[in-house]
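Trainee: I am new to this structure and would like to go through it slowly, one question at a time. Could we look at it together?

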Amino acid sequence: SVRQQRQKIAKCPHRVPRLWFTKALRYIRAMVRVQLVATVVVLPLALACFAFQSVLSPLANLVAIPITGFFVVPLILLGVLVDPLLPQFAGEVLRLAAQLMEVVFVVLRWLAAADLVFTAARAPSAIALLGAFVGVAVLLSPMSWRLRLLGLAWLAPLLMPPSSAPP
């Protein structure tokens with residue numbers, strides 16, 4: 001419990017950084033898990049609509065979403081709110097938000113230059129899409145990991161190149 005953790009910290013103050021580090025690792029792990037789930041859920045739809053899926057999009061989102069969500073958006077809101085009272089301060093805050101977005105754009109441009117895209121020559125068939133949705137449902141279900149991995153088998157037809165046989 002939180003109370004027990006505080007008592008331990010009071011006895012051993014050198015453990016504070018370790019506790020913070022553990023919480024940070026849990027947070028990063030949760031963010032990675034959410035991003036992987038979002039990627040798996042969107043994969044069948046992206047292949048059906050666009051016939052390709054970027055391999056680096058989860059990594060790009062992992063970089064861009066936290067920076068924009070936790071830093072840029074609050075800075076912009078702060079800048080807009082204080083602009084009538086402190087226009088110079090608001091200008092500096094908005095400039096900081098713009099600089100953070102430039103950092104994000106540098107990383108995104110670097111990832112885009114890598115050009116790692118999983119491509120399919122044509123959109124998957126309706127049967128492959130149906131199987132993919134079953135696979136996503138199995139992967140996201142609250143079963144054991146061994147059973148959930150069977151969902152990958154349902155996604156396999158999406159990852160195979162289309163056949164070159166005539167229709």
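Trainee: How many helices and how many strands does the protein chain have?

Mentor: Before counting, keep in mind that this is a predicted model, in which local features need pLDDT of at least 70 and side-chain atom pairs count only at pLDDT 80 or more, while totals for chains, interfaces and linings use all residues. Residues are numbered from 1 along each chain as its sequence is written, and side-chain values use heavy atoms, with hydrogens and water left out. Helices (H or I, at least four residues) and strands (E, at least two) are DSSP runs, numbered from the N terminus. On that basis the protein chain has 7 helices and 2 strands.

Trainee: What percentage of the residues of the protein chain count as buried?

Mentor: Buried means under 20% relative accessible area, exposed means over 50%, and partly exposed lies in between, with a 1.4 Å probe and protein chains only. The protein chain has 167 residues, and the share of them that count as buried is 22%.

Trainee: Which element gives the largest share of the nonpolar patch?

Mentor: The nonpolar surface patch, about 780 Å² in area, is made by Phe21, Leu25, Tyr27, Ile28, Val32, Leu36, Phe70 and Phe71. Two or more of its residues come from each of H2 and helix H3 (57-82), and phenylalanine 70 lies in helix H3. The largest share, 6 residues, comes from H2.

Trainee: Which residues does isoleucine 67 touch, not counting residues up to four places away in sequence?

Mentor: Isoleucine 67 lies in helix H3 and counts as partly exposed because its relative accessibility is 23%. Contact means heavy atoms within 4.5 Å. Isoleucine 67 and valine 104 are 37 residues apart in sequence, yet their C-alpha atoms are 7.6 Å apart in space. With residues up to four places away set aside, isoleucine 67 touches Val72 and Val104.

Trainee: With which residue does arginine 95 form a salt bridge?

Mentor: A salt bridge is a side-chain nitrogen of Lys or Arg within 4 Å of a carboxyl oxygen of Asp or Glu, and by this rule the count comes to 1. The two partners both lie in helix H4 (residues 87-114), 3 residues apart, which is about one turn of the helix. Arginine 95 counts as partly exposed because its relative accessibility is 46%. The closest N and O atoms are 2.8 Å apart, and the partner of arginine 95 is glutamate 92.

Trainee: Which residues is proline 74 in contact with, leaving aside its neighbours within four places in sequence?

Mentor: Proline 74 is found in helix H3, and it counts as partly exposed because its relative accessibility is 39%. Its C-alpha atom is 9.9 Å from that of valine 93, a residue 19 positions away in sequence. Leaving aside the neighbours within four places, proline 74 is in contact with Thr68 and Gly69.

Conventions. Patch = residues over 30% accessible without salt bridge, like charges linked within 9 Å, V, L, I, M, F, W, Y side chains within 5 Å. Areas by Shrake-Rupley, 256 points an atom, 1.4 Å probe, with all protein chains shown as cover.
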